[in-house]
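Please open the model in your viewer and keep the selection panel at hand.

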Amino acid sequence: MRILVGIDDTDTKETRGTGFNAREIGKFIEKEKIGIVEGITRHQLFFDPRIPYTSANSSACIEVETNDPDSLKKLCIDYLNKIAPVGSDVGLCLSDWNRITETVVSWGKRAKVEVLTQIEGRNLAKSNKIYLKGLCGTEDGVIGALAAIGLRRGGNDGRFIWLRGKRELRDIPSGIYTIGEIKKELELDEIKSVNNEMISEQDPLFLHEWIRPIIKNQKKTLIIDKALNKPDYEWEIASKDYIKSIS
């Protein structure tokens, strides 16, 4: 069973962020043998003074293959209740991949451009038989948690902050690799250039420390750019600012 877990508002300015908490939940899921984590994505939501976000107003989605969704839900609730700092407004959402309808995907898209309400989100989750719960504070995190699973299901939003591969994203040393080597190392579906130039599996690519594949047409996609005046390699990872602008 493919389950998406959305979390939001799990932090304050004095504590580690929602991305960190999502990665920690992923570790515990595998440690407890509850499921296999395929990837964790970050989703940018609407910046607006009417929205009380902590720093960047992003939510996270954990994609899990599991045969035990009840234990998965309990683990997430227990972890978030344990770490939730005073002042956080934690929201948790879990759903089978196949239960996430276009209306939920639309909710995620709206959360990137609109100020939404808990009531509408809770009603939407209820009508789609999706688990959505606020765990503390104002419980406003339910808005972003539901948006996270909608955006991940839509398949064209977000960037990976953890991705199953031969090595974890943060553990791959900077250096020069071939396109083919990196594609296998990260178990990517595609590597594409910013301007859609032709790419060969043998082309040299410089990999720096900030590696964030994105979701593009439901594919795990690494975006690269032409390296200018670099005799040892032809490509490099697209800039952080560019990746942030498209994910």
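A residue counts as buried when its relative accessible area is under 20%, and as partly exposed between that value and 50%. The model is a predicted one.

**Stop 1: an aromatic pair around Tyr233.** Select Tyr233, whose relative accessibility is 13%, so it counts as buried. Phe206 belongs to strand E9 (residues 204-207), whereas Tyr233 sits in the loop between strand E11 (219-226) and strand E12 (235-237); 27 residues separate them.

**Stop 2: the other aromatic pair.** A search of the whole structure finds two such pairs. For the other, select Phe28 and Tyr79: their ring centres are 5.9 Å apart and their planes meet at 45°, so this pair is tilted. It links helix H1, which holds Phe28, to helix H2, which holds Tyr79, across 51 residues. Phe28 is partly exposed at 31% relative accessibility, while Tyr79 is buried at 11%.

**Stop 3: strand E3 and its partners.** Now select residues 58-66, strand E3, in which eight of the nine residues are buried. Strand E1 (residues 2-8) runs antiparallel to E3 and is joined to it by six bridges. Strand E2 (residues 35-44) is also antiparallel to E3, with nine bridges between them.

Which strand pairs with E2 over four bridges? It is E6 (residues 159-163), again in the antiparallel sense, with Arg42 opposite Arg159. Eight of the ten residues of E2 are buried, so the strand is largely enclosed by the rest of the structure.

**Stop 4: the nonpolar cores.** The largest nonpolar core has 24 residues, and Val5, Ile25, Ile29, Ile62, Leu72 and Leu92 touch the most other members. Helix H2 (69-83) is among the elements that supply at least two residues each, and its six residues are the largest share. Centre the view on Leu72; leaving aside neighbours within four places in sequence, its contacts are Ile3, Val5, Ile29, Ile34, Val64, Thr66 and Leu94. A second, separate core holds 23 residues, including Leu45, Cys61, Ala111 and Ala145.

**Stop 5: charges over rings.** Finally, select Arg2 and Trp97: Arg2 lies over the ring face, 3.5 Å from its centre. Arg16 is placed over the face of Phe20, at 3.9 Å from the ring centre.

Terms used. Residues are numbered from 1 along each chain as its sequence is written. This is a predicted model: local features need pLDDT of at least 70, side-chain atom pairs count only at pLDDT 80 or more; totals for chains, interfaces and linings use all residues. Side-chain values use heavy atoms; hydrogens and water are left out. Buried means under 20% relative accessible area, exposed over 50%, partly exposed in between (1.4 Å probe, protein chains only). Two strands pair if DSSP finds at least two bridges between them. A nonpolar core is a set of buried Ala, Val, Leu, Ile, Met, Phe, Trp, Tyr and Cys residues joined through side-chain atoms within 4.5 Å. Contact means heavy atoms within 4.5 Å. Rings of Phe, Tyr and Trp (its six-membered ring) pair if their centres lie within 6.5 Å; planes under 30 degrees apart count as stacked, over 60 as edge-to-face and the rest as tilted. A charge sits over a ring if NZ of Lys or CZ of Arg is within 6 Å of the ring centre and within 35 degrees of the ring normal.
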